[in-house]
Amino acid sequence: MLIDCQELFTRLRRLPDVEAPNLVAVDAADRLLLDEADAALAAAQAGTVVIVDDQYGALTLGAAVRHDSTGLRVHQDSVVGERALAGNADREDLTDRYTRYDLDAALMTGARVVLLRLPRSLSALDEIAETIARHADPDVVVFAGGRDKHISRAMNDVLGRSFADVHASRGRQKSRVLTARSPRPGPSTYPVTDTLADLELTVVAHGAAFAGPRLDIGTRFLLEFLPRTRRDAAVAVDLGCGTGILAVSLARQNPDLRVVATDQSAAAVASAAATAAANGVADRVDVLRDDAASTLPDNSVDLVVCNPPFHIGAAVHTGAAEKMFDAAARILRDGGELWTVYNSHLNYRGTLKRVVGMTDVAGRNPKFTVTRSVRTR
């Protein structure tokens, strides 16, 4: 007997992501996506449905329950979302309904229906759309949904580069679905590569990597302070590494240093690995896709650098940064340093002092603050 889909949704959890009253595991966009794709899902044969960037499992498990779907192929850029889906599937005894894939040909070959949570980044959407158009069945139908406040006309244009037919659904509960048909396969344009001339540093970026091949202004400010980090460090961690600019800069600054570049994003760690290789330090920069360095041993590193996010998904929330500070405190050896850059209005100094140890302001400009925290146990 199939489980009622709405009952399922009430039981889904966000864990291991931050849970709070204003953060949900299922939203109106998930429900609208499943409704808009209902007929296509009902008609789809096993193994022809692909789900991209399911946040916590509502799309994958919703399809499994609503249509008794099997052979679902799933790609999630976020390892947090991946683990949340796995946990929810295990609790619902639905782990056999789907298989995880990278964003590649194996994910898309033969796909007839694609459910996609629209990413906030146009470049992320562009890479996904290119991959679908290049490898999916010519009759594939893509249902791409999100909240109205995060959908722009530019998303139609991005999808229109890879699909001849793109149209929007009527809105419901401040959500909308873009439907795309008639793929127009073309060459892959990702990852993209650019050179930061002032740093003499080559950056390689997949579509979903934060800031793409550019240098965001927070990271630029933190780079000014890297020469002041402890020179006797043997192991450093770039926590939330993005494209790996900080990790590569640390490795170039200190040839005796081994750096772990870690991020929850598959696109980020792939970009960081490529950036390290492009700058000749791949032998000293290890990449790790992980949730806030959860698999690194306690008391194992000497230095952590961090430019934490100030949002979780689309919601402004300090929980992600606080989770990263907890992680730094756990993995740092006694006397190890955490160097952090953050928007000054967030005023994390008190939190850092409580969680990590003695914290001083190393620098401040009109927008950002850089602090140095020393781990004390």
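**Notebook: loops, a pocket and a cavity**

I started with G47, which is partly exposed because its relative accessible area is 26% (buried is under 20%, exposed is over 50% and partly exposed is in between, with a 1.4 Å probe and protein chains only). I note that this is a predicted model, where local features need pLDDT of at least 70, side-chain atom pairs count only at pLDDT 80 or more, and totals for chains, interfaces and linings use all residues. Residues are numbered from 1 along each chain as its sequence is written, and side-chain values use heavy atoms, with hydrogens and water left out.

**G47, continued.** I found G47 in the loop between helix 3 (38-43) and strand 1 (49-52). Helices (H or I, at least four residues) and strands (E, at least two) are DSSP runs, numbered from the N terminus. Setting aside residues up to four places away in sequence, G47 touches T70, G71 and R73; contact means heavy atoms within 4.5 Å.

**Whole chain.** I counted 13 helices and 18 strands in the protein chain. For 377 residues a compact globule would have a radius of gyration near 21 Å, and the chain agrees, at 21 Å. That radius is taken over C-alpha atoms, and the globule rule is 2.2 Å times the number of residues to the power 0.38. The C-alpha trace spans about 60 × 40 × 35 Å along its principal axes. Of the 377 residues, 54% count as buried. Among contacts with a separation of 6 or more, 71% come from residues 24 or more positions apart.

**Second largest pocket.** What lines this pocket? I got 23 residues, of which H75, L103, E127, H206 and A267 lie nearest its centre. On a 1 Å grid over the protein atoms alone, a pocket is an open set of points with protein on both sides within 12 Å along at least five of seven lines, a cavity is a set where a 1.4 Å probe fits but cannot get out, and lining residues have an atom within 4 Å of a point. The pocket holds about 320 Å³ of space; points are joined across faces, edges and corners, and a volume is the space filled by probe spheres set on them. Helix 7 (122-135) and helix 11 (266-278) each supply at least two lining residues, and helix 7 gives the most, with 7. By class, I see 10 nonpolar, 6 polar and 7 charged residues in this lining (Ala, Val, Leu, Ile, Met, Phe, Trp, Tyr, Cys and Pro are nonpolar, Asp, Glu, Lys and Arg are charged, and the others, Gly among them, are polar).

**Cavity.** I found 1 cavity of 30 Å³ or more. The largest cavity has a volume of about 40 Å³, and its lining includes T229, R230, R231 and L303.

Most residues other than glycine have a negative phi, and most peptide bonds are trans. I looked for exceptions. A293 has a positive phi of about 55 degrees without being a glycine; it counts as buried because its relative accessibility is 1%. D68 also isn't a glycine and has a positive phi of about 55 degrees, but D68 is partly exposed, at 41%. A cis peptide bond joins L15 and P16, with omega about 10 degrees, and another joins Y190 and P191, with omega about 0 degrees.
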